[in-house]
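Here's a quick briefing to keep beside you while you turn the structure around on screen. Have a look first, then work through the notes below.

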Amino acid sequence: MPTSCLTAEARRLDALYKLNLLDTPASEAFDRITRMAASLFKLPIAAVSLTDANRQWFKSRVGVEHTEIPRLRAPCGQVADNTDVLVIPDLHLDAFYRDSTLAENGIRYYAGAPLTTADGHCLGAMCVLGTEPRDTTPEELTALCDLAGMVMSQIELQHALGRVDAVSRLPNRQQFIDDFHDLQSDAQQGERRLAILLNLATPDQLTHAARAMKSSYLDELVSEGARWLRSQIGPKRRIYHVSTAQFMLLSPPGETLESWLPQVEARMQEAQTIARSRYVATPSAGVVPFDIHHDDALSVLRKARSAAFDAIARPNHVAVYSQVEDALYQRRFSLLNDFGTALAGSGQLRLVFQPRIDVASGACVGAEALLRWNHPTLGAIGPAEFIPIVERSGLAQAATAWVLEEALRQQQAWRAAGLARQVSVNVSAANLTEDDFAASVATALARHHLPPDCLELEITESAIMEQPAKAHATLAQIAALGVGLAIDDFGTGYSSLSYLQKMPADVVKIDQSFIRELEHDARQQALVTAMITLSQDLGHRVVAEGVESEAVLDFLRRAGCEEAQGYLFAAPLEAEAFAAYSWPMSTSALRVPKLTLSPRTTAVLPE
């Protein structure tokens, strides 16, 4: 065959492959046209036949079970080659087609009209077939050509109506949903498949790229990812571009997790190498097994996306969907949504107060306000579960505002009853970047007619490190008000000494992880002693968190620690219990009887 013909065929195949029609599920939009063709010709068989390199694949078919036949000696192949109508009244009398696959299977009559793109590339044929020889009227040929035109209109319509991504030139999320519905109609009951979702980069990497690079950077990443995927799976398999930098594909029938997962892992190793060499990107892949008739398209997409995000932290960057992990994530997401309702004033939130004890005198000198949540259907939600979720969300500022307002309201009530104790409130990183946070604290104090020194704000080193300059400016404004500042969880940050000397703090709270096993660990004792000495030399009062035994308290007393907080003295108390708490000078009298202590899980101190 001349080179020019080969080039024309290559262009035709390229046009076919770009439409992403091959090996896609049956579609009612095309099946409707095929049924109309069979009805108009009063024939048992009709098909939308696409001409691939070596086969005729049926996008739609009536009266035939198989989905493809060899292209060799297939009449539709001739239609594609010549871009012209072909009618064969009797295949048995045709010298070329009498030995074809169709003739061998009892087909005697064939008529096909070309499926031609606007660029003149013939994709295949709209064809009708019969088991008896027959003639064809001009009206029938006109109708067949009209039906071929309807098929092409449907193809172009799908392409034009937002079904193909402009950058990757791949079918998009909506097309995936539609194809999944078609797959459900065509699949056998109980048939299982596997879906894989490829993340080209982590969310943080995409965010940083969007801020630092031109928009063409992301376009190049997506285009390169699409080309690589096509090269890996071949033109006969469909890939979907379901999100900015996410691609989805389904396994062929018969594949299992055991057979497919090693292939995914091997290809992901190659993807990692390419991504590191050309882009600042970390690809990850999530794999989810599913039942075609049991799961819907959006459920499969969500589960695959969940697995792909889990895969970011895996060594090979591949993860199989875990129902347990997914349930935990959905619970966290549900809790976050419900917490917004709780903040709106539904009576679900309350504060409890854990006493802070002066080590030398045994007197209660203050309390830390701790947030508690009683969910209307789930019951008590532990602070260790919901506080981290809230702090990473947009509700962090609102949560602090609620706690601050409630703590000051309670302060006002206690002071009216003659009880004056400083109350500490935890502050999140989000609060330190608020332009008016210090002003809002001042306003709240004035509203409740309280002096600034009745309040202490606790800040972790990690919260300051998110935006150090902004955080320090905010802390300086708060200190200027006369509100106390405490460095919470001291010793767990990565810049402890540096920020200890820079922060305008009055108090350093040594994290409970250093305190709980103190009596059994000489190295830990030396470390805590050094923390206490250094903090005091810099002018800070020291509080030890998590004190649970006499031996630890005795060590802290000898080390010169000023205050202690923990279950040795009391669990976090309800407001009424804290007000009724007696304040004798001996620590033994201060302890709440064991029967009144909350379970250990409620003693976790959130930031």
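**A glycine to start from**

Gly106 comes out partly exposed, with a relative accessible area of 33%. Bear in mind that this is a predicted model. You'll find Gly106 in the loop between α4 (101–104) and β5 (109–116).

- Leaving aside neighbours within four places in sequence, Gly106 is in contact with Gly130 and Thr131.
- Leu91 sits 15 residues away from Gly106 along the chain, and the two C-alpha atoms are separated by 9.4 Å.

**The chain as a whole**

- Counting up the secondary structure of the chain gives 22 helices and 20 strands.
- The radius of gyration is 36 Å, well over the 25 Å that the globule rule gives for 607 residues, so the chain is more spread out than a compact globule.
- Taken along the principal axes, the box filled by the C-alpha atoms is roughly 115 × 45 × 45 Å.
- Of the 607 residues in the chain, 51% are buried.
- Among contacts with a separation of 6 or more, 67% are between residues 24 or more positions apart.
- The chain has an accessible surface of about 27800 Å², and carbon and sulfur atoms account for 54% of that.

**Around helix α2**

- Leu40 lies in helix α2, which covers residues 28–41.
- With a relative accessible area of 44%, Leu40 counts as partly exposed.
- Together with Met36 and Met150, Leu40 forms a nonpolar patch on the surface, and the three have about 250 Å² of accessible area together.
- Lys42 is in the loop between α2 and β1 (45–51).
- Phi of Lys42 is positive, near 55°, and this residue is not a glycine.
- Lys42 is exposed, at 74% relative accessibility.

**Another positive phi**

- Arg73 also isn't a glycine, yet its phi is positive at about 60°.
- Look for Arg73 in the loop between β3 (68–70) and α3 (75–82).
- Arg73 is partly exposed, its relative accessible area being 34%.

**A buried asparagine**

- Asn199 belongs to strand β7 (residues 192–199).
- At a relative accessible area of 3%, Asn199 is buried.
- Once neighbours within four places in sequence are set aside, the contacts of Asn199 are Ala245, Gln246, Thr282, Pro283, Ser284, Ala308 and Phe309.

**Helix α13**

- Helix α13 runs over residues 396–416, 21 residues in total, and spans 30 Å from its first C-alpha to its last. That is close to the 30 Å expected at 1.5 Å a residue.
- Its buried residues include Trp402, Val403, Leu404, Leu408 and Trp414.
- Arg409 and Glu406 both lie in α13, 3 residues apart, or about one turn of the helix.
- Their side chains meet in a salt bridge, at 2.6 Å from N to O.
- Arg409 is partly exposed at a relative accessible area of 39%, and Glu406 is partly exposed at 22%.
- After α13 comes Gly418, with a positive phi near 95°.

**Salt bridges elsewhere**

- Side chains of opposite charge can pair when their charged atoms come close.
- A search of the whole structure turns up 31 salt bridges.
- One of these joins Glu563 and Arg356, whose closest N and O atoms are 2.8 Å apart. This pair links distant parts of the chain, 207 residues apart: Glu563 is in strand β20 (residues 563–565) and Arg356 in strand β12 (residues 349–358).
- Both Glu563 and Arg356 are buried.
- Glu563 and Arg356 also belong to a network of salt bridges that links them with Asp358, Glu456 and Arg541.
- Lys470 and Asp435 make another salt bridge, with the closest N and O atoms 2.8 Å apart. Lys470 is in helix α17 (residues 468–481) and Asp435 is in the loop between α14 (429–432) and α15 (437–447), so the pair ties together parts that are 35 residues apart in sequence.
- Lys470 is partly exposed at 28% relative accessibility, whereas Asp435 is exposed at 66%.

Note on methods. Residues numbered from 1 in each chain as written. Predicted model: local features only at pLDDT ≥ 70, side-chain atom pairs only at ≥ 80, totals over all residues. Heavy atoms only, no water. Patch = residues over 30% accessible without salt bridge, like charges linked within 9 Å, V, L, I, M, F, W, Y side chains within 5 Å. Areas by Shrake-Rupley, 256 points an atom, 1.4 Å probe, with all protein chains shown as cover. Salt bridge = Lys/Arg side-chain N within 4 Å of Asp/Glu carboxyl O. Helix = DSSP H or I, 4+ residues; strand = E, 2+ residues; numbered from the N terminus. Buried < 20%, exposed > 50% of the residue type's maximum accessible area, 1.4 Å probe, protein only. Contact = heavy atoms within 4.5 Å. Rg over C-alpha atoms; globule rule 2.2 N^0.38 Å. Expected span 1.5 Å × (residues − 1).
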